[in-house]
Amino acid sequence: MVDILIVGAGTAGLTAAVYGCRAGRSVLVLEELSYGGQIINTPDIENYPGIAHVTGYDFATALFNQAKELGAQVSFENVLSVENLPDKKVVHTNENTYEAKTVILATGVQRRLLGVEREKDLTGSGVSYCATCDGMFYRGKEVVVVGGGNTALEDAAFLANLCSKVTLVHRRDAFRGDETTVENLKARDNVQFLLNSNVTAILGNDRVEGVEVANKVTGEKTTVPAAGLFIAVGQVPDNKRFENLADLSPEGYFVADESCKTRTEGVFVAGDCRTKQYRQLATAASDGAAAALAASAYLG
Ligand code: NAP
């Protein structure tokens, strides 16, 4: 029986592991994919307090190692369900069944699809959701980035260093992401903005050769030649499996406040998976700390 079982090894989950271990609790982290969560693909983190610059990979690896060195057990398994019994939580994965006194759900979010025809078919053949993973394949070529948040802006900045031209397509005329990054992009010779615009079709047969872009204001359609289409249109939660434990918002986020408590005693939520106004690295870490301390207080 583990004291604190954490679902998810992103920033929130691993921070919870650090705090849980330091509170003297036994901690098991279960993660379906690889450690680090979303931040692992960020080329340069510039807004984490006290760290001027760090790559997402280095940050996540340091946090993972910190949690392990403090005593957290980590296993790569897919959590399918959690049963809430009077005296314990029973956690079923694709490989094992675990028992825990408390559970912290730090499930993060999944990428949102753009929803344009042939997007799925051409994923890996020009369509990508990760500029840092795939950018090198497009060195010296023209690419399109879709989205207006920090991910799209940072992807565009990263790709502008590699590609001959980057066209950033955003559906509004104002960006959701940081103004500083927008200004830096505007100063780049090889970055073009197509605002108030949507990608309406992907061109090319077996590989992406370009996209059709429609201006929402004028209705005009243009063809943008591109070898790659990088989609960064936000994320969606994937929490349905756990709705027996915690209420879900209409968008599918766990309903919880800064206390990270759910309607189920001994079950906490942390990070981007819960309802909150700002989803940042710092707020994910903050949630991880709060959830682990709340779990530890619950254990008494
Ligand atoms: P996001 O902030 O939710 O932005 C998603 C963008 O995609 C928005 O601009 C949205 O347009 C657009 N969009 C959504 N659905 C679309 C559709 N169907 N078609 C076209 N465009 C669509 O997502 P994100 O950029 O992935 O960032 C997620 C969170 O992580 C944010 O809180 C962000 O600040 C944070 N983040 C932080 C950093 C950093 O601090 N270094 C880096 C990356 C991400 P609208 O604006 O019109 O809604």
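Q: Which residue stands opposite valine 127 in β15?
A: Valine 127 faces leucine 229 there. A strand is a DSSP run (E, at least two residues), and strands are numbered from the N terminus, as are helices (H or I, at least four). Before going on, note how the model is read. This is a predicted model, in which local features need pLDDT of at least 70, side-chain atom pairs count only at pLDDT 80 or more, and totals for chains, interfaces and linings use all residues. Residues are numbered from 1 along each chain as its sequence is written, and side-chain values use heavy atoms, with hydrogens and water left out.

Q: How many bridges join β8 to β15?
A: Strands of a sheet pair through backbone hydrogen bonds, either parallel or antiparallel. Two strands count as paired if DSSP finds at least two bridges between them. Here 2 bridges join β8 to strand β15 (residues 228-231), and the two run parallel.

Q: What is the order of the strands in the open sheet?
A: The sheet has 5 strands, ordered β8-β15-β9-β10-β11, with parallel pairing. Its edge strands are β8 (127-128) and β11 (191-194), and each pairs on one side only.

Q: Which way do β4 and β5 run, parallel or antiparallel?
A: They run antiparallel. Strand β4 (residues 79-85) and strand β5 (residues 88-93) are joined by 6 bridges. Serine 81 stands opposite histidine 92 in β5. The two strands form a hairpin, with 2 residues between them.

Q: Is phenylalanine 268 buried or exposed?
A: Buried means under 20% relative accessible area, exposed means over 50%, and partly exposed is in between (1.4 Å probe, protein chains only). Phenylalanine 268 has 3%, so this residue is buried. Phenylalanine 268 lies in strand β17 (residues 267-269). Phenylalanine 268 and alanine 290 are 22 residues apart in sequence, and 9.4 Å apart in space, C-alpha to C-alpha.

Q: Which cysteines does a disulfide join?
A: A disulfide is a pair of cysteine sulfur atoms within 2.5 Å. A search of the whole structure finds 1. That disulfide joins cysteine 130 to cysteine 133, with S to S 2.0 Å. The torsion about the S-S bond is about 70°, so the disulfide is right-handed. Cysteine 130 is buried at 12% relative accessible area, whereas cysteine 133 is partly exposed at 42%.

Q: Why is the sulfur of cysteine 21 too far for a bond?
A: The closest cysteine sulfur, in cysteine 260, is 18 Å away, so a bond is out of reach. Cysteine 21 is buried, with a relative accessible area of 12%. Cysteine 273 is in no disulfide either; the nearest cysteine sulfur, that of cysteine 260, is 8.7 Å away. Cysteine 273 is buried too, at 0% relative accessibility.

Q: Which residues come nearest to the ligand?
A: A residue is near a molecule if one of its heavy atoms lies within 4 Å of it. Of the 18 residues around the ligand, Asn47, Glu154, Arg172, Arg176 and Arg279 come nearest. Helix α4 (residues 150-160) gives the largest share of the shell, 3 residues.

Q: How far is a polar side-chain atom of arginine 176 from an oxygen atom of the ligand?
A: A polar contact is a pair of N or O atoms within 3.5 Å. For arginine 176 the distance is 2.6 Å. For a polar side-chain atom of arginine 171, the distance to a ligand oxygen is 2.9 Å. Glycine 148 uses a backbone N or O atom, 3.1 Å from an oxygen atom of the ligand.

Note on methods. A polar contact is a pair of N or O atoms within 3.5 Å; within protein, one must be able to donate a hydrogen and the other to accept it, and residues adjacent in sequence count only if both atoms are side-chain atoms.
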